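Dear colleague,

I am handing over the structure below, and would be glad if you could look through it alongside these notes.

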Amino acid sequence: MRETAGQGSAAASLVAVSPVPLVELVLDSLASGHSRRAYGRALGEFFAWYPSNASGEGFTRAVLGRYRSHLIERGLSAASVNLALAALRKLAAEAAAHGGLSPLAAAGIRGVPGARRSGVRTGNWLTLQQAQQLLAAPDPETTKGLRDRVLLGLLVGCGLRRGELAGLEFPDVAQREGRWAIVDLVGKHGRVRTVPMPSWAKTALDGWASAAGISSGAVLRRVSKSGRVGDGPITPQGVFEAVVGYARKAGLGRITPHDLRRTFAKLAHLGRAPLEQIQISLGHASIQTTERYLGLKQNLHDAPCDRLGLVGWEG
């Protein structure tokens, strides 16, 4: 996402840096496309609020404090409020770096407290039966259905993020220690991990590749309504829409790709997979610390995906 003319002028009037495309600087500093979209949306909403509620006051701690109260009064979750504040703190940092905001003013904006969370958000996940229902939703008689079996299978069976799945290429799938895995996967914050793959997901991948006539480049491609396989990879948004659509088709309500990542962790844990091995497969931020403290090595012979209890399309 890039700033619109309206966003650019609003940002400039707030911090008096008309030559510098502040929103673009903020968005370009983010590695994740999902984060760029979320920050862009958050900044746009602030610029829409500002003219009627703080026009002429500038970009100050007091203004941001009022905006924080506005977001809370709207009934937004703590996570949504804190994301909006993070985007605006980033805007203040860029403005200060380019001379449009004093360091003192930027420090004041950074000091606006986030919204407090009450309790712990457990998230959403599927039961074993629901996961099997979802895996059965795509039609294996169609090209798109074969592709989407792989899409759902790798989300549930490997716990991938949607961006990781969209970027998956054939050379990334290789054998390690006698089993198939997604090797040297670069995840969040550049962390690299190897993710074991259940045999039923690999079977689905082979069926899709054969039907589509592809063996290199992106694993998951765009498929037209006529069933034609394109050269371009599916987008993370395409992954999101596919999951939401199949979940509704299966009568499961609104399920997102990240819910399937949680499902992978939940089913593996219920199947008695060691917690540290689940963390390694997911590539969570604390895994390096966990490995260093416990001296753990990834177990590819008894991997979390072997403990899900799913049979995929084999049984």
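This is a predicted model: local features need pLDDT of at least 70, side-chain atom pairs count only at pLDDT 80 or more; totals for chains, interfaces and linings use all residues.

Residues are numbered from 1 along each chain as its sequence is written, and side-chain values use heavy atoms, with hydrogens and water left out.

The structure contains 9 salt bridges (a side-chain nitrogen of Lys or Arg within 4 Å of a carboxyl oxygen of Asp or Glu). Glu164 takes part in one with Arg161, where the closest N and O atoms are 2.7 Å apart, and in one with Arg193, where the corresponding separation is 2.9 Å. The pair of Glu164 and Arg193 links distant parts of the chain, 29 residues apart, since Glu164 belongs to helix α9 (residues 162–166) and Arg193 to strand β3 (residues 192–196); helices (H or I, at least four residues) and strands (E, at least two) are DSSP runs, numbered from the N terminus. Glu164 counts as buried because its relative accessibility is 8%, and Arg193 is likewise buried, at 7% (buried means under 20% relative accessible area, exposed over 50%, partly exposed in between, with a 1.4 Å probe and protein chains only). Arg161 is buried too.

Within helix α10 (residues 199–212), Lys202 and Asp206 lie 4 residues apart, about one turn of the helix, and form a salt bridge whose closest N and O atoms are 2.7 Å apart. Lys202 is buried at 11% relative accessibility, whereas Asp206 is partly exposed at 38%.

Finally, a network of salt bridges links Lys144, Arg147 and Asp148.
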